[in-house]
Structure formats: C-alpha cells, structure tokens
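Let's take a walk through a protein structure together, one piece at a time. Keep the picture open beside the text and look up each part as we reach it.

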Number of protein chains: 2
Amino acid sequence: MNRREILGATAAIGPATLLAPTLAVANAQGNDGAVRALLEEYCAAWAASDAARMFAPATDDIHWVNVVGMHWQGKRDVERAHDVYLTTIFKGVAMTLEEVESIVPIGAEVLAVVARFDVGGYTTPGGFTAPASQDRMSLILLKTPGGLKIAHVANIEIVAAAAAHNPIDRSA
Amino acid sequence: MNRREILGATAAIGPATLLAPTLAVANAQGNDGAVRALLEEYCAAWAASDAARMFAPATDDIHWVNVVGMHWQGKRDVERAHDVYLTTIFKGVAMTLEEVESIVPIGAEVLAVVARFDVGGYTTPGGFTAPASQDRMSLILLKTPGGLKIAHVANIEIVAAAAAHNPIDRSA
C-alpha cells in the first residue's frame, strides 16, 4: 500500500461523505468558451498524437508537472516529452474532457482552470496494462492578444478511494 | 501495480538517465526572497499545525488540489480541510522545503513557483504507516500591495521509480 492509497483508505476523519459531486463552477466572465475551446483542442491534439499541435498555444517558458511528478521546463522540453509519450504508450488511448470544474481569474491577465479528464487504459511496451483513470489538471492560462496561452500545468491522478473521505463535502 | 507505478516502471523510452539533478532555476527579478519567505512560513505553519496561519497569505478564492486529487475551492474550505489533516494525521510529521526549483513570471502580476518538499512518514489512526515522500508543489502567486498571495496550489507526490525514466534529461 503506497502513501496515496493509505491516505485514501484512512483519511476518514470528518463525517463520511458519499461521492459528493464536484460542482461545476461556471465563470460567466466570457472566458468559458475560450477555455473550453482550448481544452477541446488539447484533447484533439492528444488523439492525433501531435505534440506540436498540443503546445502551439503555450508560452515559451511553460512548465509542466506530470502525474508522477516529472517537472518539464520550457516549451521545447515540454513538447519533446509529450511527443515521446503520445507516439508510444499513449498512442490510440482515449482521453476526453469530462468537466471544466472551475475558472478563476488571478489578477487581470491570468486564469486558473481546473478540469477533469478521463484517460483510457493502456498497455505498455513491457506488457503491463494500466487501468483507466481520472486526472484532475490545473492549467494556468495567460490572456494575450493572440488568445489564451498555457503557461503552467500540474496534473494529478485522482485516487478514487480517497474521494469519499474528503473532509470537504461540496454537496453540503 | 497501479497506473503511476506502471508509468514509472515502463516509461523508459528515451535513453536511461540516472538521477538527473533538478536544476535550480534562480530568478533574479527580486522575487526569490519573497517566495522563499512565503514557503518557509508555509513550513512553519505546518509545524505549528496552524491552518489559519498557513492561509493568512492566500487569496479569498484560492483553489487547492492535493496529492490524491481532492479539489478544494475557496479560502474557507481550503483552510478547513488543512485544519482537519494538520491536527490529526500530519500532526508532528516533519515537512521541510528541499528546493525552490523554479520561479516563472506569468504576465506582470503572477508568479508560478515549483518547489520540492520532504514529508516525513506518518501513521494514520487506522495504524497504517505511510513512508516518507517527496512532493512537487506548483504554487501560483499573485503580487499584491500587501505581498505575495497564494492563489492556486497543485501538489503532486513524486514517484521515485519514474524519475530515472524521464524522457527529458536535465543534466544533458
């Protein structure tokens, strides 16, 4: 049992909550459409195994921290790392946008977006089969005259067993 | 073997790299001192099990996504969730800042910080012992007249087995 599993299995400190649905926090400041379009394009680039397309709307100094904690710094490295994965273990694996959970302005120029994705199971070259999962991605977007640019991403795999023990019950 | 472990064990697609040290990207734009002070205060608040102190320098609409993918929205919920954990399973557990890996401006008002923390092992009420770990935290900070405010955090547990298979070798 690793640390994530332990936290999930034993963090039931507050009242147990059953699958509190995440509230979609719609932001009506005119950002919703642009954010959704950017995320749909991200999914399309994934489906096409096209890292260059994926990071066309990225700042030059984008940083990306992936689900296992790798920290890629700068557009060149971020794109290269994704090219490696998209053309191998993730090729043909379904990845879809499940929900835009929140869009929060940070100052006048930046949006913090949290979105949930479904990632299909996949088989690695070594023959292991990874189960399907949900990832919760934080995307920090910069508003520019040319549209929204991805400036920072941190992507976290949701531990389903932990969700029921969240001390914050959003349905309350 | 879960998805994270599989990714770690089998993602050796590029040339194998041995423990490429993360480069400390010092940002000389006068932010280093303020960022480090904020992170040290975060550690001090953790050591004091004091969630109110921890989130004194937070925006009202701070969002926090934790290592198992819980998404807390707004200062009240973020502080309350931390109060639950800090006063129970994390009480007395050592947590120290290991390195400020990067400080990247996003526009004129925002900084994206990536910092690495060591978190000591802990025992849950159920009797499980979680091993010590490293977490890589993205903090999105807003510059205000009153100093830096924490606007968004995403915290990812580093899967040590995966690091050696990172397609990007920062030591190259």
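Let's begin with a helix in chain A. Helix 2 of chain A, residues 32-47, lies across strand 3, strand 4 (110-119) and strand 8 of chain A. Helix 2 of chain A runs at about 145° to strand 3 of chain A. Another helix, helix 4 (residues 75-86) of chain A, packs on the sheet as well, where it touches strand 1 (58-65) and strand 2 of chain A. The direction of helix 4 makes about 55° with that of strand 1 of chain A. Please keep in mind that everything here comes from a predicted model.

Now step back and look at the whole chain. Chain A contains 5 helices and 8 strands. Starting at the N terminus, its elements follow the pattern α-α-α-β-β-α-β-β-β-β-β-β-α. Of the 172 residues in chain A, 38% count as buried. If you take the contacts in chain A with a separation of 6 or more, 57% of them are between residues 24 or more positions apart.

What is the order of the strands in the sheet of chain A? This open sheet has 6 strands in the order 2-1-8-7-4-3, and the pairing is mixed. At its edges are strand 2 (71-73) and strand 3 (95-106) of chain A, each of which pairs on one side only. From one strand to the next, the twist averages 20°. Inside the sheet, strand 7 (residues 133-144) and strand 8 (residues 147-157) of chain A run antiparallel and are joined by 10 bridges. To find a spot on this pair, look for Leu141(A), which stands opposite Ile150(A) in strand 8 of chain A.

Time to turn to chain B. Here, too, you will find an open sheet: 6 strands in the order 2-1-8-7-4-3 of chain B, with mixed pairing. Strand 2 (71-73) and strand 3 (95-106) of chain B are the edge strands, pairing on one side only. The twist in this sheet averages 20° from one strand to the next.

Strand 3 pairs with strand 4 (residues 110-119) of chain B in the antiparallel sense, over 10 bridges. Next, strand 7 and strand 8 of chain B run antiparallel and share 10 bridges. A hairpin connects strand 7 to strand 8 of chain B through 2 residues, and Thr144(B) has Gly147(B) in strand 8 as its bridge partner.

The helices of chain B deserve a look as well. Helix 2 (residues 32-47) of chain B lies across strand 3, strand 4 and strand 8 (147-157) of chain B, at about 145° to strand 3 of chain B. Helix 4 (residues 75-86) of chain B packs on the sheet and touches strand 1 (58-65) and strand 2 of chain B.

Which residues of helix 4 of chain B are buried? They are Val78(B), Glu79(B), His82(B) and Leu86(B). Seen down the axis of helix 4 of chain B, the buried residues fall within an arc of 95°, so they line one face of the helix.

Next comes the nonpolar core. The largest one has 75 residues, and Ile140(A), Leu141(A), Ile140(B) and Leu141(B) touch the most other members. Leaving aside residues up to four places away in sequence, Ile140(A) touches residues of chain A including Val110(A) and Ala151(A), and residues of chain B including Ile106(B) and Ile140(B).

We finish in a loop. Most residues other than glycine have a negative phi. Ser49(A), however, has a positive phi of about 50° although it is not a glycine. Ser49(A) sits in the loop between helix 2 and helix 3 (51-54) of chain A. Is Ser49(A) buried, exposed or partly exposed? Ser49(A) counts as partly exposed because it has 18 C-beta neighbours inside 10 Å, while a buried residue would need 20 or more. In chain B, Ser49(B) has a positive phi near 55°, and Ser49(B) is found in the loop between helix 2 and helix 3 (51-54) of chain B.

Terms used
Residues are numbered from 1 along each chain as its sequence is written. Chains are lettered from A and ligands numbered from 1 in the order in which they are written. This is a predicted model: local features need pLDDT of at least 70, side-chain atom pairs count only at pLDDT 80 or more; totals for chains, interfaces and linings use all residues. Two strands pair if DSSP finds at least two bridges between them. Helices (H or I, at least four residues) and strands (E, at least two) are DSSP runs, numbered from the N terminus. Axes are lines fitted to C-alpha atoms, for helices over the stretch in contact, and angles run from 0 to 180 degrees between N-to-C directions. Two residues are in contact if their C-beta atoms, placed from the backbone, lie within 7 Å. A residue is buried if 20 or more other C-beta atoms lie within 10 Å of its own, exposed if 12 or fewer, and partly exposed in between; C-beta atoms are placed from the backbone. A nonpolar core is a set of buried Ala, Val, Leu, Ile, Met, Phe, Trp, Tyr and Cys residues joined through C-beta atoms within 7 Å. The arc is that of the directions from the helix axis to the C-beta atoms.
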